[in-house]
Amino acid sequence: MSAAELEPDPAPTLSEIARAAGVSAPTVSKVLNGRADVAPATRAKVEEILRRTGYRRRRTTAPPSRLLDLVFHQLDSAWAVEVIRGVENVARDEGLSIVLSESAGRLTPGQTWVDGVLARRPAGVVLVLSDLDAAQRDQLTGRDIPFVVLDPAGDPADGVPAVGTGNWQGGLAATRHLLDLGHRRIAVISGPSDMMCSRARVDGYRTALETARLPVDPELIHEGDFHHEAGYAAARTLLTRDDRPTAIFAGNDLQALGVYEAARELGLRVPQDLSVVGFDDLPLARWVGPPLTTVRQPLVEMAETAARLAVELGRGERPATTRVDLATSLVVRASTAPPSA
């Protein structure tokens with residue numbers, strides 16, 4: 001066997017990648033450098049060949065920009081404000097500015113957003129209730145741009161850094177609190193069923209009932225969307241039943257406000273006629289009347305942890321773990337009481 005036969009195949013050149021993709025070498029260069037002026041289909045084809053051939057992008061010598069990208073799937077609630085506060089705390093300490101964007105309700109941002117990130121080369125990216133598909137992850141990784149998923153909507157892929165919270169434990173604690181007060185007809189208004197945090201909270205609710213040897217009535221489980229209007233609509237349906245529930249776990253604080261409104265319109269008093277528990281412990285939970293019993297989700301701390309993790313990864317540091325779950329805790333206020341009958 002000759003020496004040449006023992007040597008591994010040489011790495012493909014830029015020209016060879018271009019020929020395989022049926023494009024020009026400058027087009028391949030544009031893909032490698034994150035330029036936006038490449039058609040999506042062409043970019044996907046080139047990226048696939050780069051992955052298949054094991055082409056190694058050269059590490060750029062230019063330092064990353066002094067930016068931290070923060071992207072929400074939806075940016076329209078007090079919940080988002082708490083996350084922004086946490087990321088801003090870290091950005092201020094690190095001398096970074098925040099680029100804030102929204103993916104218009106999609107759980108995966110579009111290629112236009114990815115192109116912008118590749119062009120900006122931020123110090124890190126925090127994705128809230130979002131994730132990247134495999135091609136997008138490869139694009140950011142290939143340009144040495146670290147990313148962290150905060151409160152992931154689904155189960156992040158292996159190796160994807162993520163920061164979450166104890167959603168199942170929170171749902172369990174909320175329902176057990178109502179059970180301990182003597183409630184037996186307890187309804188739940190969840191968030192969207194395609195979000196992992198929503199499913200986990202309902203699973204905690206189910207577990208609490210099953211542990212108490214109570215049946216789980218599917219008619220007392222309503223799906224919402226984590227907004228006030230959904231809480232109101234579901235509560236109107238639940239509270240006009242002949243066998244209405246005596247307590248509602250609203251799934252989040254904004255839906256709990258919708259429950260308050262529906263109860264008030266129907267002449268029901270909180271907590272004398274209806275106990276209500278939320279989830280998040282937004283500042284407004286302390287201000288409403290009566291103050292809301294809720295599960296505290298440490299949103300500011302979660303956002304700080306995710307932002308700090310992204311910055312550390314961008315500096316080439318090796319954190320002890322890249323999967324973090326912070327604990328929830330029940331905050332008892334005046335919206336819960338034993339059932340009146």
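**View 1. Arg-121 in the loop between α6 (111–120) and β3 (124–128).** Although Arg-121 is not a glycine, it has a positive phi of about 50 degrees. Arg-121 counts as buried because its relative accessibility is 12%, where buried means under 20% relative accessible area, exposed over 50% and partly exposed in between, with a 1.4 Å probe and protein chains only. The model is predicted, so that local features need pLDDT of at least 70 and side-chain atom pairs count only at pLDDT 80 or more, while totals for chains, interfaces and linings use all residues. Residues are numbered from 1 along each chain as its sequence is written, and side-chain values use heavy atoms, with hydrogens and water left out.

**View 2. Arg-213 in the loop between α9 (196–211) and β7 (221–223).** Arg-213, which is not a glycine, has a positive phi of about 60 degrees. With a relative accessible area of 79%, Arg-213 is exposed.

**View 3. Leu-172 in helix α8 (residues 167–180).** Leu-172 counts as buried because its relative accessibility is 3%. When residues up to four places away in sequence are not counted, Leu-172 touches Gly-204, Tyr-205, Thr-207 and Ala-208, a contact being heavy atoms within 4.5 Å. From C-alpha to C-alpha, Leu-172 and Ala-78 are 24 Å apart in space, and they are 94 residues apart in sequence.

**View 4. Val-324 in strand β11 (residues 323–326).** Leaving aside neighbours within four places in sequence, Val-324 is in contact with Ala-162, Val-163, Gly-164 and Thr-305.

**View 5. Arg-201 over the ring of Phe-279.** The charged end of Arg-201 sits 3.7 Å from the centre of the Phe-279 ring; a charge sits over a ring if NZ of Lys or CZ of Arg is within 6 Å of the ring centre and within 35 degrees of the ring normal. A search of the whole structure for aromatic pairs finds zero, where rings of Phe, Tyr and Trp (its six-membered ring) pair if their centres lie within 6.5 Å, with planes under 30 degrees apart counted as stacked, over 60 as edge-to-face and the rest as tilted.

**Setting of the views: the protein has 13 helices and twelve strands.** Taken along the principal axes, the C-alpha atoms fill a box of roughly 90 × 45 × 35 Å. Of the 341 residues in the protein, 49% are buried. Among contacts between residues at least 6 apart in sequence, 72% join residues at least 24 apart.

Technical notes
Helices (H or I, at least four residues) and strands (E, at least two) are DSSP runs, numbered from the N terminus.
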